[in-house]
Amino acid sequence: MSGGRAISGTNAGDSRNDLSGSSGHDARAGSVTGDIPFHRDLPDRHGPPPGQLPAGIDGFVGRTDELGLLDAALTDRDGGRAVVSVHVVAGTAGAGKTSLALHWAHRAKDRFPDGQLFVNLRGYDPGEPVTPEQALRGFLRALGVPAAQVPGDAETAAALYRALLAERRVLVLLDDAASATQVRPLLPGAGESMVLVTSRSRLSGLAVRDSARRVTLGTLPEPEAVALLQAVTSGRRTDDDLDSLAELARLCARLPLALRIAAERAAGRPHLRTAELTAELRDGSALRDAPGSGGEDEADAVLTVFAWAYRALPPPAARLFRLLGLHPVADFGPHPAAALADLPVSGARRLLDDLAAAHLLERTAPDRYHFHDLLRAYAADRARTEEPPEERDAALRRVLDWYLHTADAAQTWIKPAEDHLPLPDPVGSVPPQAFADHGAAADWAEREHLTFPALVRAAVAAGLDAHATSMAELAWRAMAPSAARADWIDPGHAGLEAAERSDDPYAQLRLLTVLGTIHRETNRFEAGLECLRRALEVARRTGRRFDEARVLNTIGLIHLRRRQLDLAGTHFAEAAAILEELDDRRLAAAVHANVAAVSHKAGRLPEAATALDQALAINRAADDRRGLGNALRLLAVLQLESGQADTALRSAQEALEIALTLHSDTLEAYWLIALGDTQRATAAHEEALTSYQRSAALHRRLGDRGREALAWRGAGLTYTAMERPGEAADFHRQAAAVHQELGDAWEHAVELDHLAAVLHPKDPAVARGYWTRALTHLTPYTDPRAEGVRARIERQLAQ
């Protein structure tokens, strides 16, 4: 065996080096403030503060009273600085809520030295709103939390967010909220931060429960509406009389969104008198039934302005505008816009800039654009009215094909070991995006993370089941490294249903296998087994022997995590027999490593060493980096248990280097536990704590609370070695609580054993209680390691 062959059965009955996984159902909701911190916990505050505010609106005018109300929120009744205040800016669509909030935020940002956070919650967008979990991930990263350490469950992420803001003075702007439920997890718990929410709803729940104050925006007073028209047209029109401007303002229902579009239209036609413009607008009222959440007159006025501005567009810009209404989400770049219209990217970029100049789109970044939800709905209505069904279908096919092939290109960097899907040639002329390296691919995947589920839904709605299936698969294969695995489950099921409708057994097999894998990685073991059993049936029915072996191996992994060692061994043996028949060595190496893990967990170390030798030899011959890293991780465990700590440290370090080169958070998270164990054994205690801390953070984001608790166990053992029993006991208690909640009797017993060992010197009676409880959990297990643990605890209790 490479790196040290002397593996013996010594200490086979001792649980302290057991690195087995754990089972469970759902990620435990916890509080970061209740978790025990490692030796370094929260991000360094000396980095640059977040500055997420989008640019304010040029030429903002009016709203003096409302701005004054917000200014007053900066101080309490005694003139001091206010403590966590929540203000809701409510009003009809198009009333300028976001413009007001951004204008005030930029004016007041110096009062918030620790930064500004911003998110568009898309509460009234025709697509899916932003969830609190998604918003929290963005906020935590802006506050300095590395992507890998962002918690995966909402309650834990919210607790960390509150902890980070407790000592800061930050302005949090939550734009376009639909409900108090969407907002509440994003509120700071204490401190001097301020939250500004915009919404079409009054959000009365925030006022009742969270003491929010409300600023209600109606239409602009006529003088302010006229002033806004003058501000936008300043320098481009000089002869407008006030009466004509007032008439134009009334035709726009004195709503800022409509006023800005109308003013830009007027500025582009300086040769026409205002009276002529108002007559043209008055005669152009149409599309009375498009969406609006204000009164009927206001909605009609807004639609009239939209129609007026739209009809003035040159035909290429008008066509792109209405086709953009078919895009599944409101945010996009020039490449998918080009694909929709089948234009060169450079031409699409010019037209997008023209639409932004007309206030029909908002440019949010150098290559990113955003639709106001009313304008997006209007564009979709124009597409339904003016584009033939076949052209609408073709446009959707083009953009779906572009995303499919671009995601396939991203997969090359993000999941290079995965086989690529067979994709049809794209129907459009816009080539997919290319990526120079892993970072570029991951950045794209991160930006489009929320787009993929919408693309799957759009394909399903259009009856394009093959596209929906492929999009669901590629959403997994090109998933951003920082994304939570559970985010893929809904599009995965939608893709599976599409594959069933189209009677595509091979796609069903792939999706069921991935669903089973995701459920396994997020501790949803029963759901995972259900998917995998269905996949096994499909594989056997279609004669896919290799896939049958792969599914059997994955089922075995679930039983291994649950310490059902006989079941795990049976499934691995079945998989190994098929792979030997097929002469497939790569997957066979993984199965050998899994057999070694079963033998190790059972305490049969010589058998584990033999199986691991086979895995290492195959992995090295095949240059399988992922397989080699996993084998090296297990080799480190075996070497450590046989007393070869220095050799084990080198094996664990080599494994972790492979995980980092593969850019795999899942592998890094688990293999860090083995590294921490070897560092602890070589008295590198600070390094061990760092490894366990990162492992815990990664596993929390990935949703694997069982393995997160294993990292806590490592921290507890490290503090024991550092002769700091109080901190050690805290970590073991925390880990024991998780294992108990997850129903993992074995890991719960092991943790109680560690906790008793820490407490025994000062409180033997309490320790005996924990050992007694541990014995009750060990009853189902009869393998040599379990018998050894049981015998040792019984000796402790007999003393």
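**A tour from a helix pair to the core**

Begin by selecting helix α30 (residues 685-702) and helix α31 (residues 705-721), whose axes come within 8 Å and cross at roughly 165 degrees. The axes are lines fitted to C-alpha atoms over the stretch in contact, with angles from 0 to 180 degrees between N-to-C directions. Because angles over 145 degrees count as roughly antiparallel, α30 and α31 are roughly antiparallel to each other.

This is a predicted model, in which local features need pLDDT of at least 70 and side-chain atom pairs pLDDT 80 or more, while totals for chains, interfaces and linings use all residues. Residues are numbered from 1 along each chain as its sequence is written, and side-chain values use heavy atoms, without hydrogens and water.

Of its 799 residues, 58% count as buried, meaning under 20% relative accessible area with a 1.4 Å probe, protein chains only.

Then select W104, F321 and L324, the residues with the most contacts inside the largest nonpolar core, which has 178 residues. Such a core is a set of buried Ala, Val, Leu, Ile, Met, Phe, Trp, Tyr and Cys residues joined through side-chain atoms within 4.5 Å. Helix α16 (residues 389-414) contributes the largest share of this core, 10 residues.

Finally, centre on L324: leaving aside residues up to four places away in sequence, L324 touches F332, A337, L340, L352, L355, L361 and F371.

How values were computed:
Buried < 20%, exposed > 50% of the residue type's maximum accessible area, 1.4 Å probe, protein only. Helix = DSSP H or I, 4+ residues; strand = E, 2+ residues; numbered from the N terminus. Contact = heavy atoms within 4.5 Å. Parallel < 35°, antiparallel > 145°, perpendicular 65-115°, else oblique.
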